[in-house]
Amino acid sequence: MFVEDLVKGFYDIISKNKILILVNYDVDAICAVKILQCILRFDNIVYVLVPVKTVTELKKAFEEQKVDVKYVVLINCGGTLDIIEILEPEENITFFVVDSHRPTDICNIYSSSQVRVLTPPDDEEKIPDFEDIFNENESSDEDVDSDELDEEESDTVNVNANSVEEQQNKRRKLDQSTLVKRRERRRWEENRKKLLFDYTQFSYYGRSAAMLMFDLAWKLHRESVDLLWWGIVGVTEQYILGKTERMRYLREVELIAGHIGRICDSTAINDDEDNMSQSSMPKPSNTSTHLRIESEKDLLLALYRHWTIECSLRYSMFTAVSLKLWTIKGEKRLKQILAEMGLPLAESRQMYHSMDLSLRKQFYGMMEKISNTHNLLQMTYPSFMLHQGFKTRYQCADYVYSMVATLETNSRESSPTQCFYNTMDSLSRSKKDFLDQGIEKAKWILSNMFRHVQAALDMRQVILAGPFYYLIVQEGTLHSQHYSNPHCLIMLASFALRAQVASSRKIKATRLPLIASATLDSDQDTCLVVGIPPITESMPRSFFGKAFEQVSNKTNIEVSLDYFDSSIAKMQTKDRPKFFDALTALLS
């Protein structure tokens, strides 16, 4: 069931008992749980936080932590699953789902009370009606039919010869009514199957979980600049990583602009107020001289304020694809753009903060001016900037890249759980070192990703398999182990698909999706497979989740759909060629 009032239908209920919070490994979920943490600590509510990456980890965490727990909050996990069937909880346990994955499981939507969905339904979600999916009269009809048949059989034993014909007529009418009921039931089941297939055919993302949690803080009158910033980072992650379309992002930007005006105005008036004196975690200062958020247009250049202009132009996916920078001609165009802007090579190869002040001030205007002449349309987008006194400014996209890099760090020294908590700490202004370290890692990831795509195109490793392209990151390739992380592999796949379309002269290329695969665990001989929708999709919807499921059902290949994103699958490396062949046959 959907919860309409976040305060009465959610917070007032969970505030009375110990809470178990299960969080997915993504930036939006981390921002959402950070906001919820702040709210819970304000009221001294006891909670247990456990990060989970897969459905298996979700089951394990619930089994270990369910003692004395009445309320479970699922953030960006569990929304697309039948929670009651998978976890088999006690009847007194209630689940609150805050999940941006779509479509929401139909059993969760129509659960009477045990599962409560906090994310409001989208207009384009088209949820089937209850009567079309759940037929309460089905079992009772079967019981009535069997009772009537038994009663008729007992009557035929006690009749005389004169009434045999009458009983036969009665039996014939009964058989006809049974056939009609069965025909109606069969028609209903076929319609149900079609409705469920249409509803679950595509997987996509809804509203940011972080902004939903900020809405809760706002309604509880506990909003602050920090909480709003965390919500902004969650929204930006969806846009930067291509999880949401531009129009949805622009609608969120309008709402956020209203919050900025309200919070900054109130904090300017009450800059000496201590709003969280009751909390064990002091509320960050909201004074306009120390901390403020500004809404402004920015460039789709990754981390350029913390990098050199030349590197940011070369390794950002948008400019690399638009200018085809993996080619010699593209490299010449990059030099031409720097020359047209009047930016000397020496300046473009310095760190941004070391550049000449006048060039830094003119850089945005120069890029905006040349964007039309060099096929850099939509180079700018509305964004937000966090100002911390006179220190370095951070754009919300800087946080996104840094957090993705920290979260997906492939190191033997840090466990996935440790990476999760380090990523969460990078949101705290008192632990800025985590943020800066993440930015350095992100720069390495982006440069390595560009080189990998360049090599894949040069060696023709992006292969057309009929209805889709595919790219296999071969084990032993330089830094190939880095793509055993789902987020990095999805980013590589998105980059490779756009680069392939830009390089191809075929119009058909724009309508084709791409599948990327990399080694997950060399010891167990397993690999990861992710699917990316075509670039022409106005709304990024993926049909690969349903396609992977159908291939698994029709073949004897063991395909594990254990991740919360259904377009990510795990399988044995030896089964991958057979899996691709079956997928080609299915989609042809």
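Is Cys488 buried or exposed? Cys488 is buried, with a relative accessible area of 0%; buried here means under 20% relative accessible area, exposed means over 50%, and partly exposed is what lies in between (1.4 Å probe, protein chains only). Let's start from that residue and work outwards.

First, some ground rules. This is a predicted model, where local features need pLDDT of at least 70, side-chain atom pairs count only at pLDDT 80 or more, and totals for chains, interfaces and linings use all residues. Residues are numbered from 1 along each chain as its sequence is written, and side-chain values use heavy atoms, with hydrogens and water left out.

How confident is the predictor? pLDDT is its confidence in each residue, from 0 to 100. The chain's mean pLDDT is 85, and 88% of its residues reach 70 or more. Two stretches call for some caution. Over residues 138–146 pLDDT stays under 50, and the model has eight contacts there beyond four places in sequence, a contact being heavy atoms within 4.5 Å. Over residues 272–289 pLDDT also stays under 50, and here the model has 28 contacts beyond four places in sequence.

Now the overall build. The secondary structure comes to 22 helices and 15 strands, which are DSSP runs numbered from the N terminus (helices are H or I, at least four residues; strands are E, at least two). Of the chain's 588 residues, 53% count as buried. Take the contacts between residues at least 6 apart in sequence, and 72% of them join residues at least 24 apart.

Back to Cys488, which is one of the α20 residues that meet α19. Helix α19 (residues 432–458) and helix α20 (residues 486–503) have axes that come within 10 Å and cross at roughly 45 degrees. Axes are lines fitted to C-alpha atoms, for helices over the stretch in contact, and angles run from 0 to 180 degrees between N-to-C directions. The two helices are therefore oblique to each other; angles under 35 degrees count as roughly parallel, over 145 as roughly antiparallel, 65 to 115 as roughly perpendicular and the rest as oblique. The crossing of α19 and α20 is right-handed, a label used if the near helix is turned clockwise from the far one by less than a right angle, with anticlockwise giving left-handed. On the α19 side, the residues involved include Phe450 and Leu457, and on the α20 side they include Met491 and Phe495.

Another cysteine to look at is Cys419, which counts as buried at 3% relative accessibility. Cys419 sits in helix α18 (residues 416–425), whose buried residues also include Phe420, Asn422 and Met424. The cover over the buried residues of α18 includes β1 (19–24), α2 (27–42), β2 (47–52), α17 (396–407) and α19. As for disulfides, defined as a pair of cysteine sulfur atoms within 2.5 Å, the count comes to zero.

From α17 we can move on to α10 (residues 225–240). The axes of α10 and α17 come within 9 Å and cross at roughly 70 degrees. That makes α10 roughly perpendicular to α17. Among the residues that make the contact are Trp229 and Ile232 of α10, and Tyr399 and Met403 of α17.

Next stop is His259, in helix α11 (residues 246–269). At 6% relative accessibility, His259 counts as buried. Setting aside neighbours within four places in sequence, His259 is in contact with Phe214, Asp215, Trp218 and Leu228. Ser224 is 35 residues from His259 in sequence and 9.8 Å away in space, C-alpha to C-alpha.

Phe10 and Tyr11 are among them. The cover over α1 includes β1, α2, β3 (71–75), β4 (94–98), β6 (115–117) and α9 (209–219).

Most residues other than glycine have a negative phi, and most peptide bonds are trans. Asn76 is not a glycine, yet has a positive phi of about 55 degrees. Asn76 is in the loop between β3 and α4 (83–87) and is buried, with a relative accessible area of 0%. Lys324 also has a positive phi, near 50 degrees, and is in the loop between α13 (317–323) and α14 (328–340). At 35% relative accessibility, Lys324 counts as partly exposed. A cis peptide bond joins Arg102 and Pro103, with omega about 0 degrees. Pro103 is in the loop between β5 (101–102) and α5 (106–109).

How values were computed
pLDDT = per-residue confidence, 0-100.
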